Amino acid sequence: MTTTFPSQPDVIREFERVDPAIVAIAAQYPSSILADVAGRRGTLSSRIAPLAPTMRIAGPALTIEVRPGDNLMIHAAMALAQPGDVLVIDGKGDETCALMGEIMVSQCMAIGIAGVIIYGSVRDTEAIRALGFPMYATGANPNGPTKLIPGRLNWPISVGGTTVNPGDLIVADADGVVVVERRKAASLMPLAKQKVIDETARIAGIRNGEQLRPKWLDGALRKAGVLAEGETL
């Protein structure tokens with residue numbers, strides 16, 4: 001007896017996106033805050049950096065897998081994208097050519113796409129900076145891509161060492177990109193709010209001279225075996 005399993009199409013058109021209300025809240029927080037409350041996980045490789053440090057992104061991931069040097073599936077994704085989506089592209093880290101440039105970015109802006117994250121290279125970087133469109137990539141290369149090879153849309157992908165699922169929350173700023181699982185995103189917002197409150201108080205304590213070393217330091221040193229029980233610095 002042969003068991004058959006239904007197969008997903010290479011292009012998945014519909015998927016559940018993180019709630020826009022959660023995106024709006026998350027957009028208020030630095031990527032570092034969200035990474036911390038998410039368990040210090042979900043960040044992409046620091047090779048994937050913004051074209052300008054002022055660029056910032058928040059929105060649901062529309063995931064794209066391409067073969068190195070080919071951008072056919074990015075064009076397909078742009079045809080399906082909704083305003084506010086973030087294109088997250090697994091370009092396999094290839095830097096032999098650009099996968100996107102000014103023309104495609106102009107189209108993204110007209111659609112209302114919130115930003116693009118590419119594990120690969122781009123071109124027309126000066127023009128993209130002038131447009132102010134948020135784009136993150138591993139580098140730049142003037143070579144153009146081919147448009148020949150099939151790939152997949154809205155499947156789980158691996159980008160810069162992290163798994164990204166369609167609909168996951170993406171937040172990016174000058175520090176880099178953090179991916180928060182869609183199902184966990186809402187539960188992390190109160191934790192992010194409290195962490196900002198705690199860190200603001202800590203910084204104020206440092207600046208006014210009241211907390212020149214962290215309160216947890218002695219306890220952590222004892223736990224690590226650096227200090228004996230009851231000993232302090």
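Guide: A charge sits over a ring if NZ of Lys or CZ of Arg is within 6 Å of the ring centre and within 35 degrees of the ring normal. Arg17 meets that rule: Arg17 lies over the face of Phe15, 4.1 Å from the ring centre. Arg152 gives another case, with its charged end 3.7 Å from the centre of the Trp155 ring.

Now the helix. The model is predicted. Helix α6 covers residues 182–207. Its 26 residues, at 1.5 Å a residue, should span 38 Å, and its end C-alpha atoms are 37 Å apart, so the two values agree. Follow the helix to Leu188. There α6 bends by about 40°. A proline, Pro190, follows within four residues. Just after α6 comes Gly209, with a positive phi of about 85°.

Which residues of α6 are buried? They are Arg182, Ala185, Leu188, Met189, Ala192 and Gly205. The buried residues pack against two helices, α1 (20–26) and α2 (31–37). They also pack against the strands β11 (169–173) and β12 (176–180).

Step back to the cores. In soluble globular proteins, nonpolar side chains tend to be buried together. Here the largest nonpolar core has 44 residues. Ile64, Leu87, Ile89 and Met100 touch the most other members. A second, separate core has 19 residues, including Val23, Leu34, Val171 and Val180.

Methods. Residues are numbered from 1 along each chain as its sequence is written. This is a predicted model: local features need pLDDT of at least 70, side-chain atom pairs count only at pLDDT 80 or more; totals for chains, interfaces and linings use all residues. Side-chain values use heavy atoms; hydrogens and water are left out. The expected span of a helix is 1.5 Å times one less than its number of residues. The bend at a residue is the angle between axes fitted to the seven residues ending there and the seven starting there. Buried means under 20% relative accessible area, exposed over 50%, partly exposed in between (1.4 Å probe, protein chains only). Contact means heavy atoms within 4.5 Å. A nonpolar core is a set of buried Ala, Val, Leu, Ile, Met, Phe, Trp, Tyr and Cys residues joined through side-chain atoms within 4.5 Å.
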